[in-house]
Amino acid sequence: MGDLTLKGAKILVTGGAGFIGSELVCQLATAGASVTVVDNLVNGKRENLKEIIGNQVNLEVTDIRDFSAMEKFLDGVDVIYHLACLGVRHSIHNPKENHEVNASATLQLLELSRNLKVGRFVYVSTSEVYGTARNTPMTEQHPTMPHTVYGGSKLAGECYARAFFDTYEYDTVIVRPFNAYGPRSHHEGDSGEVIPKFMLRAMAGQPMVVFGNGKQTRDFTFVGDTARGIFLAGLSEKALGQTINLGQGKEITIHDLADKIRDVTDNADAEIIFDEPRPGDVLRLFADSTKARDLLGFTPEVNLEEGLEKLCKWYGSLEQDPKTLLEKEVRHNWRMNGS
Ligand SMILES: NC(=O)c1ccc[n+]([C@@H]2O[C@H](COP(=O)([O-])OP(=O)(O)OC[C@H]3O[C@@H](n4cnc5c(N)ncnc54)[C@H](O)[C@@H]3O)[C@@H](O)[C@H]2O)c1
(Lines give C-alpha, C1' and ligand atoms only; values in the text may rest on other atoms or scores of the structure.)
Protein backbone atom coordinates (compact mmCIF):
# COMPACT_ATOMS: atom_id res chain seq x y z
CA MET A 1 0.00 0.00 0.00
CA GLY A 2 1.46 3.42 -0.96
CA ASP A 3 0.79 6.90 0.43
CA LEU A 4 -2.89 7.29 1.20
CA THR A 5 -5.30 10.13 0.73
CA LEU A 6 -8.18 10.32 3.11
CA LYS A 7 -11.03 11.59 0.98
CA GLY A 8 -13.66 8.86 1.21
CA ALA A 9 -11.35 6.52 3.16
CA LYS A 10 -12.92 4.33 5.82
CA ILE A 11 -11.11 4.79 9.11
CA LEU A 12 -11.59 3.19 12.52
CA VAL A 13 -10.31 4.96 15.63
CA THR A 14 -10.29 3.06 18.92
CA GLY A 15 -10.38 5.38 21.93
CA GLY A 16 -11.66 8.15 19.65
CA ALA A 17 -13.87 9.69 22.33
CA GLY A 18 -10.82 10.32 24.52
CA PHE A 19 -8.55 13.32 24.78
CA ILE A 20 -6.14 12.75 21.85
CA GLY A 21 -8.54 10.48 19.94
CA SER A 22 -11.27 13.12 19.66
CA GLU A 23 -8.76 15.62 18.21
CA LEU A 24 -7.55 12.98 15.75
CA VAL A 25 -11.13 12.14 14.68
CA CYS A 26 -11.75 15.82 14.08
CA GLN A 27 -8.68 16.09 11.85
CA LEU A 28 -9.61 12.90 9.95
CA ALA A 29 -13.19 14.06 9.34
CA THR A 30 -11.94 17.47 8.19
CA ALA A 31 -9.71 15.67 5.67
CA GLY A 32 -12.78 13.91 4.22
CA ALA A 33 -12.53 10.47 5.83
CA SER A 34 -15.48 8.53 7.09
CA VAL A 35 -14.70 7.59 10.70
CA THR A 36 -16.04 4.96 13.07
CA VAL A 37 -15.06 5.55 16.68
CA VAL A 38 -15.00 2.57 19.03
CA ASP A 39 -14.88 3.62 22.66
CA ASN A 40 -16.47 2.15 25.78
CA LEU A 41 -16.52 5.63 27.37
CA VAL A 42 -14.72 4.42 30.49
CA ASN A 43 -12.63 7.59 30.26
CA GLY A 44 -13.81 9.08 26.97
CA LYS A 45 -16.84 11.33 26.64
CA ARG A 46 -19.57 11.52 24.04
CA GLU A 47 -19.43 15.32 24.35
CA ASN A 48 -15.82 15.28 23.08
CA LEU A 49 -17.27 14.40 19.67
CA LYS A 50 -20.42 16.50 19.81
CA GLU A 51 -19.31 18.99 17.16
CA ILE A 52 -18.38 16.33 14.59
CA ILE A 53 -20.71 13.41 15.13
CA GLY A 54 -23.04 12.98 12.14
CA ASN A 55 -22.75 11.86 8.54
CA GLN A 56 -19.00 11.29 8.52
CA VAL A 57 -18.37 10.25 12.14
CA ASN A 58 -20.20 7.60 14.13
CA LEU A 59 -19.59 6.37 17.66
CA GLU A 60 -19.89 2.71 18.65
CA VAL A 61 -19.92 2.38 22.44
CA THR A 62 -18.14 -0.96 22.64
CA ASP A 63 -15.26 -2.53 24.52
CA ILE A 64 -12.29 -3.33 22.26
CA ARG A 65 -12.09 -6.69 24.06
CA ASP A 66 -15.40 -7.65 22.40
CA PHE A 67 -13.90 -9.64 19.55
CA SER A 68 -17.07 -10.30 17.56
CA ALA A 69 -18.20 -6.67 17.69
CA MET A 70 -14.74 -5.52 16.57
CA GLU A 71 -14.85 -8.00 13.69
CA LYS A 72 -18.00 -6.32 12.41
CA PHE A 73 -16.60 -2.79 12.75
CA LEU A 74 -13.26 -3.61 11.09
CA ASP A 75 -14.77 -5.10 7.95
CA GLY A 76 -13.85 -2.90 4.94
CA VAL A 77 -11.70 -0.48 6.95
CA ASP A 78 -8.70 1.16 5.20
CA VAL A 79 -6.78 2.27 8.31
CA ILE A 80 -7.17 1.54 12.01
CA TYR A 81 -5.70 4.03 14.47
CA HIS A 82 -5.50 2.16 17.78
CA LEU A 83 -5.52 4.54 20.77
CA ALA A 84 -7.88 2.88 23.27
CA CYS A 85 -6.07 2.07 26.47
CA LEU A 86 -6.10 2.38 30.24
CA GLY A 87 -3.59 4.85 31.63
CA VAL A 88 -0.49 4.96 33.79
CA ARG A 89 -2.26 5.68 37.09
CA HIS A 90 -4.86 2.98 36.42
CA SER A 91 -1.98 0.51 36.01
CA ILE A 92 -0.81 1.18 39.57
CA HIS A 93 -4.05 0.00 41.17
CA ASN A 94 -5.22 -2.47 38.49
CA PRO A 95 -2.20 -3.90 36.63
CA LYS A 96 -3.97 -6.98 35.29
CA GLU A 97 -6.83 -5.15 33.60
CA ASN A 98 -4.33 -2.59 32.31
CA HIS A 99 -2.42 -5.41 30.60
CA GLU A 100 -5.61 -6.99 29.21
CA VAL A 101 -6.74 -3.78 27.51
CA ASN A 102 -3.36 -2.38 26.48
CA ALA A 103 -1.50 -5.54 25.46
CA SER A 104 -3.84 -8.54 24.99
CA ALA A 105 -6.56 -6.56 23.20
CA THR A 106 -3.93 -5.01 20.91
CA LEU A 107 -2.78 -8.47 19.87
CA GLN A 108 -6.39 -9.47 19.19
CA LEU A 109 -6.98 -6.35 17.12
CA LEU A 110 -3.83 -6.94 15.09
CA GLU A 111 -4.94 -10.46 14.31
CA LEU A 112 -8.45 -9.38 13.33
CA SER A 113 -7.19 -6.47 11.24
CA ARG A 114 -4.77 -8.66 9.34
CA ASN A 115 -7.40 -11.36 8.74
CA LEU A 116 -9.89 -8.77 7.51
CA LYS A 117 -7.25 -7.11 5.29
CA VAL A 118 -7.43 -3.72 6.97
CA GLY A 119 -4.86 -1.73 4.93
CA ARG A 120 -2.81 -0.26 7.77
CA PHE A 121 -2.58 -0.48 11.56
CA VAL A 122 -1.30 2.59 13.42
CA TYR A 123 -0.41 1.69 16.98
CA VAL A 124 -0.32 4.65 19.33
CA SER A 125 2.27 3.85 21.99
CA THR A 126 3.85 6.25 24.49
CA SER A 127 7.17 7.72 25.63
CA GLU A 128 6.51 5.86 28.91
CA VAL A 129 8.00 2.76 27.22
CA TYR A 130 11.45 4.34 27.67
CA GLY A 131 11.42 4.87 31.45
CA THR A 132 13.69 7.66 32.71
CA ALA A 133 15.99 9.12 30.03
CA ARG A 134 19.55 7.76 30.10
CA ASN A 135 20.71 10.07 27.33
CA THR A 136 19.02 13.02 25.71
CA PRO A 137 17.42 14.00 23.47
CA MET A 138 15.84 10.56 23.26
CA THR A 139 15.80 8.97 19.83
CA GLU A 140 13.83 5.83 19.01
CA GLN A 141 17.06 3.87 19.67
CA HIS A 142 16.96 4.81 23.38
CA PRO A 143 16.60 1.66 25.56
CA THR A 144 13.04 0.74 26.50
CA MET A 145 12.97 0.13 30.26
CA PRO A 146 9.43 1.08 31.38
CA HIS A 147 8.84 1.76 35.09
CA THR A 148 5.14 0.90 35.22
CA VAL A 149 2.80 -1.84 34.05
CA TYR A 150 1.29 0.81 31.78
CA GLY A 151 4.66 1.38 30.09
CA GLY A 152 5.22 -2.38 29.96
CA SER A 153 1.81 -3.17 28.49
CA LYS A 154 2.14 -0.42 25.87
CA LEU A 155 5.58 -1.79 24.98
CA ALA A 156 4.06 -5.27 24.60
CA GLY A 157 1.52 -3.76 22.18
CA GLU A 158 4.41 -2.24 20.23
CA CYS A 159 6.24 -5.55 20.08
CA TYR A 160 3.14 -7.26 18.68
CA ALA A 161 2.66 -4.53 16.07
CA ARG A 162 6.31 -4.87 15.02
CA ALA A 163 6.04 -8.65 14.95
CA PHE A 164 3.06 -8.45 12.61
CA PHE A 165 5.16 -6.31 10.24
CA ASP A 166 8.23 -8.56 10.43
CA THR A 167 6.52 -11.95 10.49
CA TYR A 168 3.42 -11.46 8.35
CA GLU A 169 4.43 -8.40 6.28
CA TYR A 170 1.36 -6.70 7.67
CA ASP A 171 1.52 -2.88 7.38
CA THR A 172 1.91 -1.50 10.88
CA VAL A 173 3.32 1.79 12.18
CA ILE A 174 4.19 2.61 15.79
CA VAL A 175 4.15 6.16 17.12
CA ARG A 176 5.42 7.18 20.54
CA PRO A 177 3.84 10.45 21.64
CA PHE A 178 5.43 12.30 24.55
CA ASN A 179 3.09 14.01 27.06
CA ALA A 180 0.21 15.78 25.35
CA TYR A 181 -1.94 18.60 26.75
CA GLY A 182 -4.70 20.88 25.54
CA PRO A 183 -8.49 21.16 25.35
CA ARG A 184 -10.42 18.08 26.52
CA SER A 185 -7.45 16.80 28.56
CA HIS A 186 -8.31 15.03 31.80
CA HIS A 187 -8.21 16.69 35.19
CA GLU A 188 -10.57 14.16 36.75
CA GLY A 189 -10.28 10.66 38.24
CA ASP A 190 -7.31 8.41 37.62
CA SER A 191 -6.84 9.91 34.13
CA GLY A 192 -6.06 13.37 35.59
CA GLU A 193 -2.86 14.86 34.12
CA VAL A 194 -0.49 17.46 35.51
CA ILE A 195 -1.26 20.42 33.22
CA PRO A 196 -5.07 20.44 33.54
CA LYS A 197 -4.81 19.75 37.28
CA PHE A 198 -2.33 22.63 37.81
CA MET A 199 -4.26 25.02 35.62
CA LEU A 200 -7.65 24.45 37.19
CA ARG A 201 -6.14 24.65 40.67
CA ALA A 202 -4.40 27.94 39.86
CA MET A 203 -7.64 29.30 38.35
CA ALA A 204 -9.57 28.21 41.45
CA GLY A 205 -7.04 29.77 43.85
CA GLN A 206 -5.98 26.34 45.13
CA PRO A 207 -2.34 25.18 45.46
CA MET A 208 -0.68 23.28 42.62
CA VAL A 209 0.49 19.95 44.05
CA VAL A 210 3.89 18.70 42.89
CA PHE A 211 4.59 15.03 43.61
CA GLY A 212 8.28 14.57 44.46
CA ASN A 213 10.77 17.43 44.27
CA GLY A 214 9.49 18.98 41.02
CA LYS A 215 12.78 18.40 39.23
CA GLN A 216 11.25 15.70 37.02
CA THR A 217 11.09 16.84 33.40
CA ARG A 218 8.63 16.22 30.61
CA ASP A 219 8.45 17.16 26.94
CA PHE A 220 4.92 18.54 26.48
CA THR A 221 3.27 18.64 23.05
CA PHE A 222 0.04 20.46 22.20
CA VAL A 223 -2.72 17.96 21.38
CA GLY A 224 -3.35 19.39 17.90
CA ASP A 225 0.28 18.67 17.03
CA THR A 226 0.27 15.19 18.62
CA ALA A 227 -2.89 14.24 16.73
CA ARG A 228 -1.45 15.57 13.45
CA GLY A 229 1.62 13.37 13.88
CA ILE A 230 -0.60 10.33 14.49
CA PHE A 231 -2.77 11.26 11.49
CA LEU A 232 0.31 11.50 9.23
CA ALA A 233 1.58 8.11 10.41
CA GLY A 234 -1.50 6.54 8.82
CA LEU A 235 -0.75 8.08 5.42
CA SER A 236 2.97 7.85 4.74
CA GLU A 237 4.47 4.90 2.88
CA LYS A 238 7.84 5.66 4.50
CA ALA A 239 6.37 5.14 7.98
CA LEU A 240 5.51 1.48 7.44
CA GLY A 241 7.34 -0.82 9.84
CA GLN A 242 8.79 2.18 11.69
CA THR A 243 8.70 3.38 15.29
CA ILE A 244 8.43 7.16 15.49
CA ASN A 245 8.65 9.63 18.40
CA LEU A 246 6.20 12.53 18.50
CA GLY A 247 7.37 15.27 20.83
CA GLN A 248 8.00 18.98 21.04
CA GLY A 249 11.76 18.58 21.56
CA LYS A 250 11.86 20.79 24.68
CA GLU A 251 12.03 19.63 28.26
CA ILE A 252 10.74 21.51 31.27
CA THR A 253 10.74 20.66 34.97
CA ILE A 254 7.39 20.23 36.68
CA HIS A 255 8.30 23.09 38.99
CA ASP A 256 9.00 25.44 36.07
CA LEU A 257 5.76 24.30 34.49
CA ALA A 258 3.89 25.37 37.62
CA ASP A 259 5.59 28.80 37.34
CA LYS A 260 4.48 29.14 33.72
CA ILE A 261 0.92 28.25 34.69
CA ARG A 262 1.00 31.00 37.30
CA ASP A 263 1.85 33.44 34.50
CA VAL A 264 -0.70 32.16 32.01
CA THR A 265 -3.54 32.16 34.55
CA ASP A 266 -2.43 35.60 35.74
CA ASN A 267 -2.17 34.34 39.27
CA ALA A 268 1.30 35.20 40.54
CA ASP A 269 0.29 34.22 44.08
CA ALA A 270 -0.76 30.66 43.19
CA GLU A 271 0.88 28.42 45.74
CA ILE A 272 3.08 25.44 44.80
CA ILE A 273 3.17 22.68 47.40
CA PHE A 274 5.08 19.39 47.51
CA ASP A 275 3.75 15.93 48.29
CA GLU A 276 5.14 12.39 48.32
CA PRO A 277 6.58 11.13 45.00
CA ARG A 278 4.40 9.03 42.72
CA PRO A 279 5.44 5.35 42.57
CA GLY A 280 7.17 4.48 39.32
CA ASP A 281 7.40 8.13 38.26
CA VAL A 282 9.68 8.67 35.28
CA LEU A 283 12.24 11.37 36.11
CA ARG A 284 13.22 12.70 32.72
CA LEU A 285 11.72 12.71 29.20
CA PHE A 286 13.02 14.78 26.30
CA ALA A 287 12.19 13.82 22.72
CA ASP A 288 14.18 13.76 19.55
CA SER A 289 11.54 13.91 16.81
CA THR A 290 13.92 14.11 13.85
CA LYS A 291 12.56 10.86 12.47
CA ALA A 292 8.98 12.19 12.55
CA ARG A 293 10.15 15.25 10.65
CA ASP A 294 11.99 13.17 8.05
CA LEU A 295 9.40 10.43 7.55
CA LEU A 296 6.13 12.26 8.22
CA GLY A 297 6.95 15.92 7.61
CA PHE A 298 5.96 16.49 11.25
CA THR A 299 7.00 19.63 13.10
CA PRO A 300 5.14 20.89 16.15
CA GLU A 301 3.48 24.24 15.50
CA VAL A 302 2.33 25.32 18.96
CA ASN A 303 4.91 26.11 21.64
CA LEU A 304 4.23 25.55 25.34
CA GLU A 305 3.33 29.16 26.16
CA GLU A 306 0.85 29.34 23.24
CA GLY A 307 -0.61 25.94 24.09
CA LEU A 308 -1.12 26.87 27.74
CA GLU A 309 -2.86 30.09 26.64
CA LYS A 310 -5.13 28.05 24.37
CA LEU A 311 -6.01 25.67 27.20
CA CYS A 312 -6.70 28.55 29.57
CA LYS A 313 -9.04 30.15 27.01
CA TRP A 314 -10.77 26.82 26.49
CA TYR A 315 -11.47 26.48 30.22
CA GLY A 316 -12.86 30.02 30.09
CA SER A 317 -15.16 29.04 27.20
CA LEU A 318 -16.70 26.21 29.25
CA GLU A 319 -18.38 28.79 31.47
CA GLN A 320 -18.00 26.52 34.47
CA ASP A 321 -16.45 27.49 37.75
CA PRO A 322 -12.98 25.84 38.01
CA LYS A 323 -13.92 24.89 41.59
CA THR A 324 -16.88 22.90 40.25
CA LEU A 325 -14.69 21.16 37.67
CA LEU A 326 -12.20 20.32 40.42
CA GLU A 327 -14.85 18.40 42.35
CA LYS A 328 -14.00 15.44 40.11
CA GLU A 329 -10.25 15.79 40.65
CA VAL A 330 -8.60 13.10 42.77
CA ARG A 331 -5.49 14.50 44.47
CA HIS A 332 -3.60 11.19 44.75
CA ASN A 333 -4.91 9.49 41.61
CA TRP A 334 -2.22 6.79 41.70
CA ARG A 335 -2.93 5.06 45.02
CA MET A 336 -2.46 1.26 45.09
CA ASN A 337 -6.08 0.75 46.18
CA GLY A 338 -7.43 3.23 43.62
CA SER A 339 -8.80 5.64 46.25
N1 LIG B 1 -2.20 11.88 26.92
C2 LIG B 1 -0.89 11.74 26.75
O3 LIG B 1 -0.12 12.58 27.21
C4 LIG B 1 -0.33 10.57 25.99
C5 LIG B 1 1.07 10.49 25.85
C6 LIG B 1 1.60 9.42 25.15
C7 LIG B 1 0.78 8.45 24.60
N8 LIG B 1 -0.57 8.55 24.76
C9 LIG B 1 -1.39 7.50 24.14
O10 LIG B 1 -2.39 8.12 23.38
C11 LIG B 1 -3.58 7.32 23.41
C12 LIG B 1 -4.75 8.17 23.83
O13 LIG B 1 -4.49 8.69 25.13
P14 LIG B 1 -5.42 9.81 25.78
O15 LIG B 1 -4.55 10.66 26.61
O16 LIG B 1 -6.28 10.42 24.76
O17 LIG B 1 -6.26 8.93 26.78
P18 LIG B 1 -7.84 8.81 26.99
O19 LIG B 1 -8.06 8.02 28.22
O20 LIG B 1 -8.47 10.15 26.90
O21 LIG B 1 -8.26 7.97 25.71
C22 LIG B 1 -8.31 6.56 25.71
C23 LIG B 1 -9.71 6.16 25.32
O24 LIG B 1 -9.78 4.74 25.31
C25 LIG B 1 -11.06 4.38 25.82
N26 LIG B 1 -10.97 3.00 26.32
C27 LIG B 1 -10.28 2.56 27.39
N28 LIG B 1 -10.46 1.23 27.53
C29 LIG B 1 -11.25 0.84 26.51
C30 LIG B 1 -11.78 -0.41 26.10
N31 LIG B 1 -11.53 -1.54 26.79
N32 LIG B 1 -12.57 -0.46 25.02
C33 LIG B 1 -12.85 0.68 24.32
N34 LIG B 1 -12.38 1.89 24.65
C35 LIG B 1 -11.58 1.97 25.73
C36 LIG B 1 -11.36 5.39 26.89
O37 LIG B 1 -12.74 5.51 27.18
C38 LIG B 1 -10.78 6.67 26.30
O39 LIG B 1 -11.75 7.41 25.59
C40 LIG B 1 -3.28 6.16 24.33
O41 LIG B 1 -2.97 5.03 23.56
C42 LIG B 1 -2.08 6.61 25.14
O43 LIG B 1 -1.26 5.52 25.52
C44 LIG B 1 -1.14 9.57 25.47
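Two points on conventions come first. Residues are numbered from 1 along each chain as its sequence is written. Because the model is predicted, local features need pLDDT of at least 70 and side-chain atom pairs count only at pLDDT 80 or more, while totals for chains, interfaces and linings use all residues.

I begin with the whole protein. The protein contains eleven helices and 13 strands, taken as DSSP runs numbered from the N terminus (helices H or I, at least four residues; strands E, at least two). Along the principal axes, its C-alpha atoms fill a box of roughly 55 × 45 × 40 Å. A compact globule of 339 residues would have a radius of gyration near 20 Å, and the protein agrees with 19 Å; this radius is taken over C-alpha atoms, and the globule rule is 2.2 Å times the number of residues to the power 0.38. Of the 339 residues, 50% count as buried. Buried denotes 20 or more other C-beta atoms within 10 Å of a residue's own, exposed 12 or fewer, and partly exposed in between, with C-beta atoms placed from the backbone.

I turn to the ligand. The ligand is surrounded by 30 residues, the closest being Gly-15, Gly-18, Phe-19, Gly-44 and Thr-126; the criterion is a C-beta atom, placed from the backbone, within 6 Å. Helix α1 (residues 19-30) gives the largest share of this shell, three residues.

Next is helix α10. Which residues of α10 are buried? They are Leu-304, Gly-307, Leu-308 and Leu-311. These residues lie on the same side of α10 because they cover an arc of only 100° around the axis, the arc being that of the directions from the helix axis to the C-beta atoms. The face turned away from the buried side carries the exposed residues Glu-305, Glu-306, Lys-313, Gly-316 and Ser-317. Just after α10, Glu-319 takes a positive phi of about 50°.

Finally, Phe-165 is found in helix α5 (residues 149-168). Phe-165 is partly exposed, since 18 other C-beta atoms lie within 10 Å. Leaving aside residues up to four places away in sequence, Phe-165 touches Tyr-170, Thr-172 and Gly-241, a contact being C-beta atoms, placed from the backbone, within 7 Å. Phe-165 and Leu-240 are 75 residues apart in sequence and 8.3 Å apart in space, C-alpha to C-alpha.

Key
Two residues are in contact if their C-beta atoms, placed from the backbone, lie within 7 Å.
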